[in-house]
Amino acid sequence: MEFFFATMIDLVISREWLATTNVVLACLLVIWIFRNRRLYRRSRAEQANQRDLIENLSEGIYRSSPAGRQLSANKALVKLNGYETEAELLAAAKNIGKEWYVEPRRRDQFRAILARDGFVKDFVSEIYRHKTRERIWITESARLVRDGNGRTLFYEGSVREITETVNRLKAEELLRKLSSQVPGGLVQLERNAKGTYELSYASAGFRTIFGLEPHESFSSPSRFLRMIEKADRRDFARALRASRDALEPFDMEFRAIAADGTNKWLRASAKPERVRGGVMWHGYVNDISVRKRNEMEIQKLAFFDPLTGLPNRRMFMDRMAKAVGRCHDRAGYGALIFIDLDNFKTLNDTRGHDVGDEYLVQVARRLQGCVREGDTVARIGGDEFVVILDSAGHDYAHTYRAAIMTANKVLAAMRGAFEIGQFNHASSASLGVVVFNGRDCQPEDVLKQADIAMYQAKAAGRNGMAVYDHLSMSPESDRYRLLNEFKAALGTDALELHYQPQMDDSGHVVGAEALCRWQHPEFGTLLPERFVPLTEQFGLIREFGNFVLATGVAQLARWQRDATTAGLRLAINVNAQALSSDDFVSNLSALLEAHGVEPGLLTLELTESIMTRDRRHIGNRMHALKALGVRLSLDDFGSGYSSLAHLKRLPFDELKIDGSFVADIESGESDRALVKSILGTARTLRLTAVAEHVENARQEAFLRAFGCDFFQGYHYSPALPEDAFAAFVQNRRQPAALTAAPRLRQSA
């Protein structure tokens with residue numbers, strides 16, 4: 001240190017210090033100049049690097065004046081606005097607020113935030129792509145640059161296009177709104193490469209269907225599977241596997257229980273695709289509970305009887321076909337019991353349909369109590385029920401015994417009194433039983449056989465059963481076929497009335513007897529002797545009688561409107577069973593009034609068998625008919641049932657001599673005597689006498705001689721169709737056609 005100070009003192013003393021100082025200062029200046037040049041060059045390089053960085057940013061960088069003039073823009077911003085160079089953009093852009101923003105007020109809002117806070121961050125606006133005027137979305141951040149005095153120099157900031165993001169958000173919002181309105185829920189289900197499932201997406205509607213709150217997690221499909229009814233889970237899983245393996249659409253209806261315990265019917269439909277080594281389904285779930293309820297209601301109406309709730313005929317035939325098929329496949333036997341309620345129509349007519357309906361409902365309940373759980377009880381007609389004993393046994397004997405036991409249960413159940421309100425009804429039923437094995441038979445054949453057996457039981461006195469036997473009932477099958485064909489023909493053109501003229505002793509046509517003819521497609525014209533016994537035996541006589549009566553009264557009305565046939569009488573046969581019906585008189589009165597027919601022109605012919613019935617009831621019914629004004633004739637008189645005492649009490653207008661007596665008056669003295677006696681009885685009781693089956697002039701002469709009033713038979717004409725009868729009447733009115741035979745009466 002002492003050396004340093006000594007050296008400095010020497011320099012001062014030597015006056016060489018000034019030159020030395022200048023040299024040192026010059027060296028320092030040179031050093032400073034070189035250092036500043038290096039700093040300047042580094043600064044220029046950093047500025048160039050920064051400018052290159054800004055130019056190559058993906059975001060647009062800009063600088064603009066407070067007045068809205070664009071001062072600079074990087075390549076990204078130039079490209080965003082549709083230009084090639086910055087100069088082109090700066091020359092074209094005059095006013096940012098008016099030229100860029102779709103809504104100009106957004107620029108004012110932007111500037112207000114800048115003035116208040118000095119910066120803006122993530123300011124979203126819709127702007128125009130300056131050159132093409134395409135509308136796009138941007139997010140903008142900027143800061144305010146001031147000088148030392150606080151004056152605003154310019155704005156600088158960044159712009160990023162977010163059109164794709166906004167469109168996606170809009171699409172998601174639209175999807176959310178749409179999915180909240182569609183009647184169901186959208187869903188994405190994924191099965192990854194590891195084999196686990198995940199619900200990738202579930203719309204609000206999906207959660208609503210399953211009764212979930214918006215915040216509840218539902219990503220795990222296990223909860224969804226637990227909500228499916230246990231009986232449907234296996235089918236659901238099987239269908240999902242099949243869709244995954246074949247990449248075929250999944251579509252299934254199933255039952256589910258929502259979180260609130262509500263039972264629902266749902267339909268899931270989805271289309272699978274392979275993703276990331278797994279499978280993803282895109283689809284929807286829809287609540288179809290209302291449709292299912294409607295379908296089940298329609299099915300109930302289509303396949304079940306609305307009154308009793310039992311399967312109807314359509315459902316019965318379907319189950320019968322399945323029962324026959326099972327018997328065939330298992331080499332087993334089944335049985336069918338056909339049940340027809342005895343006198344149900346009488347109950348309905350006398351007590352009303354409400355009582356009849358309640359009776360049928362109780363019958364259905366009793367029948368269900370007579371069978372096993374797997375058996376079928378069905379109602380196939382008004383008062384007709386059937387029971388299917390499905391797979392009742394592996395051999396005929398066992399099945400036969402089971403069928404008889406069930407039939408006896410049914411008979412016992414039907415015999416018990418039915419309490420219907422304040423009314424007790426004593427009932428019974430007729431049963432037909434058939435055992436079938438499923439081989440060489442169809443459901444229709446089995447039903448037909450059971451029906452035949454039932455009619456056998458009804459013909460045997462009702463309140464019992466009959467078992468169909470293939471050997472003994474083959475003739476019965478023919479009668480059954482004819483009966484069914486007659487049922488189909490009843491009320492159609494296949495049944496028609498023919499009219500056999502009735503003549504007086506002067507040869508004039510005074511009327512006719514209506515006789516039914518059945519135009520059978522195979523057997524031709526069938527006479528009443530072929531089909532009327534069937535109607536009497538199997539309970540169709542009332543329907544048949546109503547048809548004949550209605551047709552006859554309508555014909556009588558047409559006659560009265562025609563001068564050729566006006567004034568003619570018409571005789572119609574009435575069965576005692578039909579006559580005993582409570583509505584017979586009222587129905588006849590309505591017919592006469594509806595057609596405007598004079599009651600005295602209608603004659604009802606009753607057979608002598610009515611004498612064997614309740615005479616007081618029949619007598620009251622006949623007096624009611626007489627009060628209407630119709631005529632009553634005792635048909636087939638002489639067959640042995642009637643007596644003078646009974647005839648005196650009943651209001652008959654005429655006697656009709658049995659045709660068998662008329663046929664034998666030429667050869668049998670006893671028959672001649674009997675006919676004379678009948679004619680004398682008619683005169684005694686002041687009744688008109690009519691002879692039928694008159695076949696020749698000798699029979700006519702005998703009958704006329706002993707006081708017969710009217711004649712009918714092949715001697716004059718067979719029964720004729722309507723047009724032919726009118727022609728016959730017209731011909732008989734010609735003078736040449738009338739015979740002037742003298743009327744000779746002899747004492748009986």
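The entries run from the whole chain down to single residues.

**Ground rules.** I am working with a predicted model, where local features need pLDDT of at least 70, side-chain atom pairs count only at pLDDT 80 or more, and totals for chains, interfaces and linings use all residues. Residues are numbered from 1 along each chain as its sequence is written, and side-chain values use heavy atoms, with hydrogens and water left out.

**Whole chain.** I looked up the secondary structure and found 27 helices and 26 strands. These are DSSP runs numbered from the N terminus: H or I of at least four residues for helices, E of at least two for strands. Of the 748 residues, 45% are buried. Buried means under 20% relative accessible area, exposed over 50%, and partly exposed in between, with a 1.4 Å probe and protein chains only. The chain exposes about 40,000 Å², and carbon and sulfur atoms supply 52% of that area. Areas come from the Shrake-Rupley method with a 1.4 Å probe; for residues, only the protein chains shown count as cover.

Next I checked contacts, meaning heavy atoms within 4.5 Å. Among contacts with a separation of 6 or more, 59% join residues 24 or more positions apart.

**Cysteines.** How many disulfides does the structure hold? I found zero, taking a disulfide as a pair of cysteine sulfur atoms within 2.5 Å. I looked up two cysteines anyway. C327 is buried at 1% relative accessible area, and C708 is buried at 0%.

**Helices α13 and α14.** I took α13 (residues 344–351) against α14 (residues 353–368): their axes come within 6 Å and cross at roughly 140 degrees. The pair is therefore oblique. The classes are roughly parallel under 35 degrees, roughly antiparallel over 145, roughly perpendicular from 65 to 115, and oblique for the rest. Axes are lines fitted to C-alpha atoms, for helices over the stretch in contact, and angles run from 0 to 180 degrees between N-to-C directions.

From α13, I listed F344, L347, N348 and R351; they meet H353, D354, V355, G356, Y359 and L360 of α14. The residues of this contact divide into five nonpolar, three polar and two charged. Here Ala, Val, Leu, Ile, Met, Phe, Trp, Tyr, Cys and Pro count as nonpolar, Asp, Glu, Lys and Arg as charged, and the others, Gly among them, as polar.

**Positive phi.** Most residues other than glycine have a negative phi. I then noted two with a positive value. R276 has a phi of about 50 degrees and is not a glycine. R276 sits in the loop between β9 (263–275) and β10 (278–287), and is exposed at 63%. N343 has a phi near 60 degrees. Its loop runs between β11 (333–341) and α13, and N343 is partly exposed at 46%.

N192 lies in the loop between β6 (185–191) and β7 (197–202). N192 is partly exposed at 27%. N192 and V279 are 87 residues apart in sequence, yet their C-alpha atoms are 6.5 Å apart. A412 belongs to helix α15 (residues 396–415) and is partly exposed at 49%. I get 9.5 Å between the C-alpha atoms of A412 and A429, which are 17 residues apart along the chain.

**D390.** Is D390 buried or exposed? I found D390 buried, at 17%, in strand β13 (residues 384–393). Leaving aside neighbours within four places in sequence, D390 touches A323, R326, R372, G374 and D375.
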